[in-house]
Amino acid sequence: MSADASDDDTIVDRVPDDAPGAAEIGFSVPDRYNASEILFRNLETGRGDKIAIYGATGDWTYRQLCEQAARFGNGFRELGLARGDRVLLFLDDTPVYPAALFGAIRAGLVPVLINTLSPVELVRFYLQDSRARAAIVDAAYADSFDGETVDGTALETVIVNGLASLAGRFEIKDAETWLAGQETRLDAARTDRDDMAFWMYSSGSTGRPKGVVHLQHDMLYTAQSYARHVIALGQDDISFSVPKIFFAYGFGNSVTFPFATGGGSVLLAGRPDPQAVFTAIERFRPTVFYGLPTLFTALLKDPRSATADLSSLRLCVSAAEVLSAEIFNGWKELFGLEIVEGLGSTELLHMYLSNTVEQKKLGAAGKRVPGYEIRLTDRAGAPVAAGEEGILSVRGHSSAPCYWGQSEKTADTMRDDWIWTGDRFVEDEDGFYFFRGRADDLIKVSGQWVYPLEIELCLAEHPAVRECAVFGVELADRRMTIRAFVVLEPGRAESAATTKELQAYVKAALLPYKYPRIIDYTNELPKTGTGKIDRQALKARPLES
């Protein structure tokens, strides 16, 4: 199918039914399938009174969560939304999120998961790109949906979770009042396994973020492959993911996996500072903890780490960045727990490479996750020899079929039935894959893809900047960060205040996580014989300790 297909077209799974991945994990799903069954099946299996969500505002049982999801689905239908219509979710991690998500899917709608750090310009883009007719928004983010942002989009209704003052050319509903009048039962829409279920947006590089389309069966596939075959998650497990639900990694950790296995999920709203994370672990006693290397570092450095009680945990998982030996060893020494590293993507929905407690190598993204096929090729697509570096492609039945409305980018990434990741890897003799960089200049900072050139072009527009160059650099603990070399305009002084001003400028113009963490000031940038910036010379400059 073309990625520019109309809303009435069916988007089919690109992976052939006879591909070996599904058979390997025993995956089977009927042609008629609705992804909300991941949640609602817990009522059929007698788990209605079991706690599904633990949180600061109170615990929710599966029955309560299913009833609230039904209210959302009935409410969306009452608004006149039709099958396939998009509903924008701009929410923090509370029980409202999975209730709205599964309610929309059960009603045959397509929820669109949005990063709550998005500036208003991106919110407007998401509304225009998705053509969402409704949005469910936490009151804390309601200001992003003012009349100017929404005007000219398809948005008709904004449902606000909490108290907020909002005005515009759309209907505004208070979520609590609106939901109170809805029925607590809802039959699942008669969707097919290859119908659209939900969207996520990938990080933008040189252009706008891409709408990643996922199908009704994709969630269940990741539960079968990773949750079952890699971390052996069960109904007695309680999962706690610091990465938020709107990230593919956090989505699987907090929503798909615990509900698919009948376990529990700890949801932490607000900023996940170390104190809040330690408090949640001690209060709710999760068994599986999901984080990023940046988070594990912050937790290790926090004074509370010396007395924190993590005895409930059986497993700690890390993804999105390379996990250093320093972090791994420090965590194990302090808490007696090993961190299991893996790698996934929004396009695949979760992990396709992973270490395990039993089989691991420090510095490796891991082995192939059951249910996925991996291949390494050169730029032309030819296989590389054993032990040689190649660009990694992956396929499995959770592969996104397209980027919505972007046929060229779809063709570049979804190559036949394979996802071309753009990541360079080496596979060792034991089947472990080691990351060697990007085929392009994209790097990952705090779990998010960042394009240094985009930051460079943004920084160059600041009136205080005469010239600049921006790079990704690897820190001593193997985390990646952004470093900028800046030549200031005459009359502007090098200072901490200037650094904060430039960082704030990039945060406001792009996304908050895209700012340069390190800014080095210099009188001039080195040049090559042709007058170009000598980037290799700049990259060779050591970081100040």
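A search of the whole structure finds 27 aromatic pairs, where rings of Phe, Tyr and Trp (its six-membered ring) pair if their centres lie within 6.5 Å. Do keep in mind that this is a predicted model, in which local features need pLDDT of at least 70, side-chain atom pairs count only at pLDDT 80 or more, and totals for chains, interfaces and linings use all residues. Residues are numbered from 1 along each chain as its sequence is written, and side-chain values use heavy atoms, with hydrogens and water left out.

**Aromatic pairs**

- Tyr-249 and Tyr-290 are an edge-to-face pair, because their ring centres are 6.4 Å apart and their planes stand at 85 degrees; planes over 60 degrees apart count as edge-to-face, those under 30 as stacked and the rest as tilted.
- Tyr-249 belongs to helix H9 (residues 248-261) and Tyr-290 to strand S12 (residues 288-291), so the pair ties together parts 41 residues apart in sequence. Helices (H or I, at least four residues) and strands (E, at least two) are DSSP runs, numbered from the N terminus.
- Tyr-249 counts as buried at 12% relative accessibility, and Tyr-290 counts as buried at 0%. Buried means under 20% relative accessible area, exposed over 50%, and partly exposed in between (1.4 Å probe, protein chains only).
- Phe-296 and Trp-331 also form an edge-to-face pair, with 4.9 Å from centre to centre and 80 degrees between the planes.
- This pair links distant parts of the chain, 35 residues apart: Phe-296 is in helix H11 (residues 293-301) and Trp-331 in helix H12 (residues 325-335).
- Phe-296 is buried at 0% relative accessibility, and Trp-331 is buried at 0%.
- Ring pairs join Phe-240, Phe-278, Phe-289, Phe-296, Trp-331 and Phe-335 into a cluster.

**Nonpolar cores**

- The largest nonpolar core has 89 residues, and those with the most contacts inside it are Phe-76, Leu-113, Phe-251 and Phe-259. Such a core is a set of buried Ala, Val, Leu, Ile, Met, Phe, Trp, Tyr and Cys residues joined through side-chain atoms within 4.5 Å.
- Helix H4 (residues 96-106) supplies the largest share of this core, eight residues.
- A second, separate core of 49 residues includes Val-137, Val-465, Val-470 and Val-486.
- Not counting residues up to four places away in sequence, Phe-259 touches several residues, among them Ile-38, Leu-39, Tyr-62, Pro-98 and Phe-102. Contact means heavy atoms within 4.5 Å.

**Helix H15**

- Helix H15 (residues 496-509) has 14 residues and reaches 20 Å from its first C-alpha to its last, close to the 20 Å expected at 1.5 Å a residue; the expected span is 1.5 Å times one less than the number of residues.
- Thr-498, Thr-499, Leu-502, Gln-503 and Val-506 are buried in H15.
- Seen down the axis of H15, these buried residues fall within an arc of 130 degrees, so they line one face of the helix. The arc is that of the directions from the helix axis to the C-beta atoms.
- The face turned away from the buried side of H15 carries the exposed residues Ala-496, Ala-497, Lys-500 and Ala-508.
- Cover for the buried residues of H15 includes helix H14 (452-460) and strands S24 (465-474), S25 (480-488) and S26 (518-521).

**Confidence**

- The chain has a mean pLDDT of 92, and 95% of its residues reach 70 or more; pLDDT is the predictor's confidence in each residue, from 0 to 100.
- Over residues 1-9 the pLDDT is below 50, and this stretch has 19 contacts in the model beyond near neighbours in sequence.
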